[in-house]
Amino acid sequence: MRPPPFSYADPSTVDEALDLLAQHGDDATILAGGQSLVPLLNFRLAQPAVIVDINRIADLAYIERRNGALEIGTLTRQRAVERSAAVSEACPLLGEAVADVGHVQTRNRGTVGGSLAHADPTAEISAAVTALGGSLRLRSASAERTLTPDEFFVSNLMTAIEPGEMLVAVALPVWPAGTATCFNEFSRRQGDFALAGAAAALTFGGDGRIERAGLGLLGVGDRPFDGAAIASELLCGEKPSEAAVQAVAERVQSSVDPLSDIHSPADYRRHLAGVVTRRALQGAIRRGTSG
Amino acid sequence: MGATMIGERVKRLEDPRLLTGEGGFVDDIQLPNTLHAAFLRSPHGNARIRGIDLSAARAAPGVVDAFSLSDGWPDAPPTIPVLAPVDGLLPCPQYLLARDQVRYVGEAVAVIVAESRDLAEDAMELAEVDYEPLPAIATMESGMASGAEVLHDTVPDNVAVRWTQGIGDVAEAFDGAAHVVSDTFRMQRYTGVPMEGRGTLATQDPVNGELTVWTSGQWPHTQRALTAALLGLEEKSIRVIQPEVGGGFGVKVELYPEDVLIPFAALRVGRPVKWIEDRREHMLTVVHAREMDIDLSVALEADGTIRGMRCRLLSDQGGYFRTLGTVNPSLAITSVPGPYRIENYEGEVVCVLTNKSPSSPYRGAGGPEAVFARERLFDMAAREIGMDPAAFREKNILPADAMPYDTGLVSVESTVVFDSGDFPAGLQRALDAIDYAGFRAEQARDREQGRLRGLGICVYTQMASVGPYESAEVRVDGGGKVAVVSGAAPQGQGTGTALAQVVADQLEVPLDQITVTFADTARIPFGVGTYASRNAVMAGSATLVASERVRDKAIAVAAHLLEASEADVEWHEGTARLKGVAEKSHTLAELAQAAGPGGNRPEGMEPGLEIRHYFETLDAPFAFGVHIAEVEVEPETGDVDIKRYVAFSDCGRLINPMIVEGQIVGGIAQGVGGALLEELVYDEDGQMLSANLADYQLPTSLDLPNVEISHEESPSPLNPLGAKGIGEGGAIAGHAVIANAVEDAIAHTGARVRETPLRPAAVWKLMQEAGAASS
Amino acid sequence: MDNERNIDVTVNGRSHSANVPARRRLSEFIRDDLGLTGTHVGCEHGVCGTCTVQLDGETVRSCLMFAVQADGAEIMTVEGLADGGALHPIQEAFWQEHGLQCGFCTPGILMTVHEFLLENKGPLEEEIRHALSGNLCRCTGYQNIVKAVETADRLWER
């Protein structure tokens with residue numbers, strides 16, 4: 001298991017990186033934390049001619065409040081998110097989700113943008129970004145655009161990133177006061193690709209009614225499942241109830257389209273979709289109503 | 001000091017070098033000018049080879065050599081021999097490289113030798129093999145079906161061998177039974193997966209022509225003999241050295257094609273050649289184990305007394321019969337009755353060929369499979385006749401006064417005779433340790449609250465060592481330092497420490513005066529190796545006898561120097577002294593000097609304070625144990641959490657309880673892994689879907705319990721140490737006990753556990769199906 | 001755009017300068033170029049944790065990094081733990097508690113434990129088991145490794 005030969009560049013600015021991507025197009029692959037790409041290289045399942053290593057671009061690693069959102073640079077290490085006071089204050093759901101990504105040793109290198117761009121449908125960060133209604137900012141040498149998760153995630157390991165383009169940041173709207181969130185996933189072993197997981201965000205009004213709901217699932221299809229519409233329809237405007245939570249879980253369960261693999265048949269994943277949805281919503285309700 | 005070193009929890013002598021990164025594993029040996037090999041491997045489960053073209057690979061940068069079987073052996077290529085044959089075995093051996101057909105994904109087709117592994121792998125992409133894919137046989141069932149693709153012309157129905165064996169009158173036992181309980185159990189394919197894969201480095205000495213082979217193995221002397229035979233060389237022209245080995249668990253007790261091909265390549269190119277197996281190669285090509293389908297029946301009296309048993313066992317052997325292919329089914333079929341009084345038993349073995357990596361022993365070697373089926377069936381039988389599973393076992397377990405107990409069964413490795421032990425007392429101790437009665441009361445109460453708690457019991461015996469011999473040499477140098485050399489070939493068990501304790505016990509010298517080395521054919525001419533839990537018994541006994549004789553010889557030298565009779569000389573803290581006259585004494589160093597060539601020793605005495613001993617026996621001791629596990633199953637996910645785990649063991653005399661307990665817990669980890677997680681999965685085309693460590697799931701620190709251990713020490717009468725092996729007991733019991741506990745947790749739903757691994761999806765399905773059936 | 005690079009790294013306090021191909025992984029650089037063979041390689045796809053080293057004080061899988069990426073970094077490997085002949089308290093604890101058998105996974109585990117104990121004093125068993133979950137051991141069943149971490153926590157003044 002040795003990586004194939006490749007040409008290597010480690011630009012120190014975003015513009016340089018984008019120039020390289022423009023120049024090499026499809027032949028180039030971006031190396032961020034490498035926790036997904038390098039195994040593919042080692043197995044020779046990926047054989048890029050050019051690797052553009054963005055680890056020297058210091059400008060891409062940041063966590064900042066901008067325009068009512070928490071913006072996270074693509075190169076921000078997962079471990080940094082886990083430890084960030086800004087994240088735990090403004091987007092605790094992301095912090096909770098990140099803690100379930102791999103292990104400390106992979107989070108020390110693995111990046112937020114790398115996980116998103118890899119688009120593994122079991123990725124925790126993707127589910128959290130989906131639940132919170134985040135936006136993904138892409139740049140190329142000539143243009144910049146911002147996509148919703150629905151636009152960004154195309155299918156298993158496929159995103160809307162075009163050759164020459166790069167994911168430079170993700171922006172997570174900071175939900176208002178009264179918001180409670182919870183991340184829940186089920187995996188056989190800690191650090192595994194989860195069998196299913198759910199990220200839930202609920203905003204409670206002063207009267208205890210749910211005003212806004214976000215829900216993102218992982219592992220239950222070929223890309224993150226956005227359950228916000230279901231959760232909003234069944235939860236918003238009411239005080240939280242077991243029956244409503246159960247109704248969301250059931251609706252999610254019947255709406256997802258899970259895949260089978262050697263770890264789990266599709267029907268079990270479908271069942272788990274309901275379980276993790278309920279657990280995540282219950283967790284958020286508990287946190288949101290415990291004062 | 002005195003005779004106290006045996007039984008002490010001595011810190012291991014091996015550890016400082018391993019803890020500081022100084023341990024020398026095979027890939028840590030870096031010879032100048034080394035070339036690196038990569039293997040071109042079959043991407044097909046079953047395919048005919050129409051042609052191999054290595055010309056582009058040979059021309060690639062850095063490539064020094066590339067060869068296929070016909071390049072290496074234009075005439076009559078050798079095949080890997082079967083070392084433990086049984087009557088009727090049809091020939092289906094493997095060539096060192098595929099000849100005209102590949103029969104499993106990963107089978108080696110050609111070797112590429114280059115200046116670096118990177119370049120060898122680059123060149124591999126240029127090699128061209130013209131395959132004609134054939135239908136693959138992915139299951140034993142499909143292999144035995146009429147009209148199935150035939151994998152070897154010599155084996156027309158894909159059954160390489162079948163045999164039956166038994167004792168008593170089984171027909172009568174079943175005819176007269178009050179109850180007959182039967183079921184079919186399936187244990188999945190899983191295997192050792194040591195953290196260090198295989199690896200070999202070979203080089204030829206330019207001066208004397210000797211071929212030196214460093215290999216990550218378990219039986220260097222056998223490897224030397226087989227390598228010599230396959231390459232047409234003399235044994236004395238090959239030196240096999242096993243350096244530090246990063247785990248083996250049985251899968252390195254094998255003669256792999258690569259073991260022979262790397263030395264062969266080194267001879268071809270005249271430079272050192274190294275090959276380090278990568279993880280993908282490991283999963284695809286290491287010998288696999290377990291995978292048996294077992295039909296088992298038990299005939300009972302009305303009170304639960306066992307009248308007899310019947311077993312039919314299908315063993316998936318993969319694409320070829322390799323060196324030890326018969327061992328798993330043979331040990332399984334003879335392990336079915338186990339520690340119970342079963343006087344009528346009949347077993348049938350059917351060995352089926354499929355398009356998978358060949359099968360061979362892995363920790364437990366047939367024991368886990370047989371014990372899983374038996375202990376599962378006994379729980380089902382007890383449930384069916386309304387008896388408590390512990391009481392069922394108490395009724396049928398062999399009493400202490402039955403020892404020694406000859407089961408009348410013989411495996412390819414030994415007769416099955418239980419040499420010592422009090423089995424009922426052990427069962428009681430384990431039941432007490434878990435508070436069996438208390439648990440049952442809590443279980444019923446918790447079930448009403450929706451909590452699914454279960455308790456599993458597994459009672460087992462284990463063949464605890466195997467002959468025919470092991471070697472040890474104990475030598476004292478002129479400085480009084482003791483060097484031990486053994487033909488044993490451990491992989492991290494701490495055997496060096498145990499042997500040093502045996503020597504320290506006899507010679508009464510501090511452990512830091514003793515060094516132990518293993519597994520080098522140039523240091524000791526004969527040796528067998530490390531497998532079948534044999535080190536303590538075989539190498540331990542050889543070391544004990546050798547060190548006793550060294551002490552006797554030292555006393556004889558002392559008597560000569562002191563001008564006294566041997567009877568008047570006593571051994572005291574590493575010195576020989578005249579009884580009652582402390583100042584009339586000689587140190588071990590003085591005695592070694594006197595005993596040396598040219599020294600002042602008794603007339604007629606062979607020079608040198610050194611003894612080499614071969615402990616020879618064909619009698620295998622049997623260890624006994626009872627494991628009890630408590631689990632909780634999460635109702636809505638099927639997730640299994642191990643709450644408590646009690647392990648009672650009787651492995652005879654303990655040399656180092658700390659090491660023994662490490663073996664017990666380590667074995668349990670592998671049994672639990674098999675019960676809950678691990679599986680080598682092939683699809684219908686013979687492609688492996690678990691050829692990496694994300695998909696082949698080894699247990700992590702969060703998946704395993706803290707084991708509560710207790711021991712009894714019933715010395716074995718079969719060796720001077722009184723020892724029995726323990727290396728495999730945990731792997732044998734750990735699998736069955738978890739399966740039993742899981743069923744116990746969900747049995748009230750009607751669910752029955754017949755196969756493993758019990759991943760959450762599988763447990764959930766069992767509950768769903770049972771629930772659907774009952775509603 | 002390069003196929004190889006000159007890099008400068010500090011490993012266990014010693015600086016090294018070397019020319020490496022771009023595809024050379026950090027694990028091979030440490031083992032084969034620097035001869036520090038205490039760091040072992042177990043899976044080459046980032047699951048087993050055997051090749052764990054510390055890069056600028058944080059544990060990383062050295063099979064998932066290229067050596068060129070370590071240019072300018074400080075690396076610690078298992079060889080950097082002991083102080084001359086004296087074992088580090090973590091090593092001492094693993095020895096006392098029989099926290100290893102074959103020892104192949106041990107160097108990676110020691111790196112993980114070193115990082116963990118620097119950040120955690122008096123950890124609970126559950127926390128220790130979580131911290132160890134990214135390092136596979138096939139020999140011990142982890143029980144004595146957990147004990148060794150508890151002992152190391154007591155022995156190591158930090």
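Helices (H or I, at least four residues) and strands (E, at least two) are DSSP runs, numbered from the N terminus. By that criterion chain B has 20 helices and 28 strands. The model is predicted: local features need pLDDT of at least 70, side-chain atom pairs count only at pLDDT 80 or more, and totals for chains, interfaces and linings use all residues. Residues are numbered from 1 along each chain as its sequence is written, chains are lettered from A and ligands numbered from 1 in the order in which they are written, and side-chain values use heavy atoms, with hydrogens and water left out.

**Exercise 1.** Describe the open sheet formed by four strands of chain B.

*Solution.* 
Step 1. The strand order is 18-26-27-28 in chain B, with mixed pairing; two strands pair if DSSP finds at least two bridges between them.
Step 2. Strand 18 (452–463) and strand 28 (707–712) of chain B each have a single partner strand and stand at the edges, so one side of each lacks a neighbour in the sheet.
Step 3. Direction ignored, neighbouring strands are turned by 15° against each other on average. Axes here are lines fitted to C-alpha atoms, for helices over the stretch in contact, and angles run from 0 to 180 degrees between N-to-C directions.
Step 4. Six bridges join strand 27 (residues 640–650) of chain B to strand 28 of chain B in the parallel sense. B:Ala647 is found opposite B:Ile709 of strand 28 of chain B.

**Exercise 2.** Compare the radius of gyration of chain B with that of a compact globule.

*Solution.* 
Step 1. The radius is taken over C-alpha atoms, and the globule rule is 2.2 Å times the number of residues to the power 0.38.
Step 2. For 775 residues the rule gives a value near 28 Å; chain B has 28 Å, which agrees.
Step 3. Along the principal axes, the C-alpha atoms of chain B fill a box of roughly 90 × 70 × 45 Å.
Step 4. Of the 775 residues in chain B, 66% are buried, that is, under 20% relative accessible area (1.4 Å probe, protein chains only).

**Exercise 3.** State how chain C is divided into domains.

*Solution.* 
Step 1. An automatic or database domain assignment supplies the bounds: domain 1 (4–80) and domain 2 (89–155) of chain C.
Step 2. Their C-alpha centres are separated by 22 Å.
Step 3. The contact (heavy atoms within 4.5 Å) takes 18 residues from domain 1 of chain C and 14 residues from domain 2 of chain C.

How values were computed
Buried means under 20% relative accessible area, exposed over 50%, partly exposed in between (1.4 Å probe, protein chains only).
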